[in-house]
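Trainee: Hi! I have a new structure open and could use a hand. Can we walk through it together?

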Amino acid sequence: MTALLVFVGAAIGAPLRYLTDRVIQSWHMTRFPFGTLAVNVVGSFALGCVAGTSPHLVALLGTGLCGALTTYSTFSFETVRLAEDGAYWQAFANAATSIAAGVAAAALGYALT
């Protein structure tokens, strides 16, 4: 049952991440990864909301949906790519904003539930 819940959550989260990233990136022409930042902050908030709830809800939304929605590996890749391209300030801003906003969003989600 738990594996099925994780699978269903991931089946929703992964396409949601891709579509959200594409839409947000199409709104501007900068190379700053706003799409990845957005999905990571939203996913962190959702994970904070479900932390400490029922194991089934954690499997479906926490592990499945948030696991597929967030992409901290892409965040890392994009940060390194910005630094390699000489956009040091954007790389620093991406790292600092993603980490601070992610932790704050998770704490807010946890505090609200």
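Mentor: Happy to! This is a predicted model. Let's begin with helix α1: the cover over its buried residues includes α2 (34-50) and α3.

Trainee: Which residues in α1 are buried?

Mentor: They are L5, G9, G13, D21, I24 and Q25.

Trainee: Okay, zooming out. How many helices and strands does the protein chain have?

Mentor: The chain has 5 helices and 0 strands. Going along the sequence, the pattern reads α-α-α-α-α.

Trainee: What about its overall dimensions?

Mentor: The C-alpha trace spans about 45 × 25 × 20 Å along its principal axes. The radius of gyration is 15 Å, and this agrees with a compact globule because 113 residues would give a value near 13 Å.

Trainee: How much of the chain is buried?

Mentor: Buried residues account for 35% of the 113 residues. As for the accessible surface, it comes to about 6,500 Å², with 75% of that belonging to carbon and sulfur atoms.

Trainee: And the contacts, how far along the sequence do they reach?

Mentor: Taking contacts between residues at least 6 apart in sequence, 71% join residues at least 24 apart.

Trainee: New topic: which residues does UniProt list for "binding site"?

Mentor: The UniProt record, an unreviewed entry, lists G67 and T70 under that name.

Trainee: Where does each one sit?

Mentor: G67 is in helix α3, residues 55-69, while T70 is in the loop between α3 and α4 (72-84).

Trainee: Are they buried or exposed?

Mentor: G67 counts as partly exposed because its relative accessibility is 48%. T70 is at 18%, so T70 counts as buried; the cut-off for buried is under 20%.

Trainee: So what is T70 in contact with?

Mentor: Setting aside neighbours within four places in sequence, T70 is in contact with R17, V39, N40, G43 and S44.

Trainee: And what does the side chain of T70 reach at 2.7 Å?

Mentor: That would be the backbone oxygen of C66.

Trainee: Great, thanks for the tour!

Methods: Residues are numbered from 1 along each chain as its sequence is written. This is a predicted model: local features need pLDDT of at least 70, side-chain atom pairs count only at pLDDT 80 or more; totals for chains, interfaces and linings use all residues. Side-chain values use heavy atoms; hydrogens and water are left out. UniProt positions are given in the numbering used here, feature names are shortened, and annotations may be inferred rather than shown by experiment. Helices (H or I, at least four residues) and strands (E, at least two) are DSSP runs, numbered from the N terminus. Buried means under 20% relative accessible area, exposed over 50%, partly exposed in between (1.4 Å probe, protein chains only). Contact means heavy atoms within 4.5 Å. A polar contact is a pair of N or O atoms within 3.5 Å; within protein, one must be able to donate a hydrogen and the other to accept it, and residues adjacent in sequence count only if both atoms are side-chain atoms. The radius of gyration is taken over C-alpha atoms; the globule rule is 2.2 Å times the number of residues to the power 0.38. Accessible areas come from the Shrake-Rupley method with a 1.4 Å probe; for residues, only the protein chains shown count as cover.
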